[in-house]
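Hi everyone, thanks for coming. Please have the sequence and the 3D view ready, and follow along as I walk through a few places in the chain.

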Amino acid sequence: MQRYDYDLFVIGGGSGGVRAARLAAKLGKKVAIAEEYRLGGTCVIRGCVPKKLFVYASQFNEHFEDAAGYGWTVGKTQFDWSTLLKNKDAEIDRLEGLYANGLEEAGADIFCGRAVLEDAHTLRLSCQDMVVTADQIVIATGSRPSEHVALPGLELTIDSNDAFHLEELPKSILIYGGGYIAVEFANIFHGLGVETTLLYRGVEILSRFDKDVRRGLHDAMARKGIRIITRDNLRKLDTREDGRIDACLHNADEALPFDQVMMAIGRTPNTKGLGLEAAGVESDQNGAVCVDRLSRTNVENIWALGDVTDRVQLTPVAIHEAMCLIQTLYHDNPTEPDYGCIPTAVFSQPEIGTVGLSEDDACEQYEEIEIYKASFRPMRNTLAQRDERMLIKIVVDGDSRRVLGCHILGPDAGEMAQILGIAVKAGLKKDDFDSTMALHPSASEELVTMYEPTYRIRSGERVTD
């Protein structure tokens with residue numbers, strides 16, 4: 001006789017949770033999954049997917065401009081925000097249906113409601129006010145936009161979730177933050193014709209990225225007309241008589257008026273009210289579930305995946321963690337997630353694609369490194385007369401000649417970074433790059449035609465041989 005109602009219960013229907021539930025169910029396990037909002041999680045419903053659709057929409061303005069240089073005559077253009085929202089919503093509905101179908105076909109039970117832990121094996125489901133038990137439990141509730149709770153006037157702001165459902169496109173917007181979400185939305189809104197200001201308290205936007213690509217992007221955004229204010233903070237927000245919002249900065253005497261203010265200051269693990277205390281599950285000071293290298297919490301039968309653990313907040317990472325968990329739980333093959341050489345993209349304009357170590361990180365870990373760098377105007381910008389340059393940078397260990405990192409700023413940089421991720425992950429050397437035949441004409445041929453280092457760094461200091 002079965003001791004529990006389910007072999008596996010997954011809390012959270014995002015990419016990691018759905019993958020774990022579906023794979024376990026396909027193995028014949030009795031599985032249930034609970035999601036209080038919509039299947040697909042942040043990525044599909046209010047993150048990566050709708051954001052990328054918005055990115056595509058925001059690029060057409062420049063495409064229309066560039067077409068003239070190639071002989072096309074483009075008539076009067078007009079953008080309709082409501083059409084974009086309607087078509088975006090239809091695509092999200094389609095993807096959510098695919099997630100549900102995949103779970104149902106695998107034999108998993110789906111509960112559309114909140115699941116709260118009552119102890120290590122018991123959960124209460126809000127949708128049916130019922131209690132179920134499970135042998136193994138996976139917490140995969142993701143994260144939510146962080147709030148600046150101390151900011152006077154915070155109630156006047158929106159976050160990245162709200163940005164996908166605005167009834168009207170604002171004429172002007174202030175985006176507060178300097179990470180990839182803030183930068184991507186600044187480019188999106190600007191591309192859609194919104195007067196855009198980006199405010200960041202730090203010295204440079206995208207502080208975790210290689211310094212050359214982040215500085216190159218900053219310059220490109222500024223040339224496009226995006227106002228970027230760094231080393232300053234929001235002090236308070238007030239409502240104006242005309243209904244707009246006055247943003248008061250610490251280093252400005254006068255308030256700046258905007259139609260909309262968006263907060264993009266990071267994300268917080270979704271663990272509030274989850275019942276972690278009742279089940280004895282430990283979390284850190286930020287609310288993230290604490291796990292070991294196998295994704296197990298301090299409670300033997302409870303596991304956690306994805307953003308809720310605040311390890312690496314990326315969708316493919318959550319999926320990878322789920323696949324490792326299934327190996328650990330049901331294939332007698334304890335498997336640790338591998339976080340090395342994760343390709344990352346910032347869907348800005350121009351785009352960033354990166355994998356491996358930045359120059360600064362490599363300097364901290366290696367005695368001598370070589371930097372190969374090329375900056376040029378990509379061919380697609382020549383006839384268009386667009387003064388926007390591309391940057392390709394390779395970081396190499398000077399002793400072993402192994403490629404430590406690749407960083408690209410320019411068209412299709414994310415696509416290039418995915419392919420480069422294979423090479424960097426495999427530990428290929430710069431000689432392997434050099435011996436590869438170039439594909440001409442292409443921007444990526446620069447990756448295999450930079451034979452001499454642009455400069456070397458030894459013990460953290462730039463040297464000239």
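Let's begin in the loop that runs between strand S16 (302-304) and helix H8 (315-330), where you will find Asp310. A quick word on those labels: helices (H or I, at least four residues) and strands (E, at least two) are DSSP runs, numbered from the N terminus. Before we go on, keep in mind that this is a predicted model, so local features need pLDDT of at least 70 and side-chain atom pairs count only at pLDDT 80 or more, while totals for chains, interfaces and linings use all residues. Residues are numbered from 1 along each chain as its sequence is written, and side-chain values use heavy atoms, with hydrogens and water left out.

Most residues other than glycine have a negative phi. Asp310 has a relative accessible area of 35%, so we call it partly exposed. The scale goes like this: buried means under 20% relative accessible area, exposed means over 50%, and partly exposed is in between (1.4 Å probe, protein chains only).

Now look at the other aspartate on my list. Asp332 sits in the loop between H8 and S17, and again phi is positive, about 50°, in a residue that is not a glycine. Is Asp332 buried or exposed? With 72% relative accessibility, Asp332 counts as exposed.

Next, the sheet with seven strands. The order in this open sheet is S17-S18-S21-S20-S19-S22-S23, and the pairing is antiparallel. Two strands pair if DSSP finds at least two bridges between them. At the edges are S17 and strand S23 (461-463), each pairing on one side only. From one strand to the next, the twist averages 20°. For angles like this, axes are lines fitted to C-alpha atoms, for helices over the stretch in contact, and angles run from 0 to 180 degrees between N-to-C directions.

Zoom in on strand S21, residues 403-409. How many of its seven residues are buried? Seven of the seven are, so this strand is mostly covered. S21 pairs with S18 in the antiparallel sense over five bridges, and there Gly353 stands opposite Ile408 in S21. S21 also pairs with strand S20 (residues 390-397), antiparallel again, over six bridges. In that pair, Val395 stands opposite Gly405 in S21. The hairpin of S20 and S21 has five residues between the strands, and in it Arg401 takes a positive phi near 70°.

Further along the sheet, strand S19 (residues 368-376) pairs with S22 in the antiparallel sense over four bridges. Ile371 stands opposite Tyr455 in S22. And which helix lies across S17, S18, S20 and S21? That is helix H10 (residues 413-425), running at about 10° to S18.

Two proline spots are worth a click. The peptide bond joining Gln349 and Pro350 is cis, with omega about 10°, and Pro350 belongs to the loop between strand S17 (344-346) and strand S18 (352-356). His440 and Pro441 are also joined by a cis bond, with omega near -5°. You will find Pro441 in the loop between helix H11 (430-434) and strand S22 (455-458). Remember that most peptide bonds are trans.

There is another open sheet to visit, made of three strands in the order S11-S12-S13, with antiparallel pairing. Strand S11 (234-239) and strand S13 (256-258) are at its edges with a single partner strand each, so one side of each has no neighbour in the sheet. Neighbouring strands here are turned by 30° against each other on average, direction ignored. S11 is joined to strand S12 (residues 245-249) by five bridges, and Leu234 stands opposite Leu249 in S12.

Last stop: Ser160, in the loop between strand S7 (143-145) and strand S8 (172-176). With a relative accessible area of 6%, Ser160 is buried. What does Ser160 touch, leaving aside its neighbours within four places in sequence? It is in contact (heavy atoms within 4.5 Å) with Pro145, Ile181, Phe185, Met262, Met263 and Arg267.
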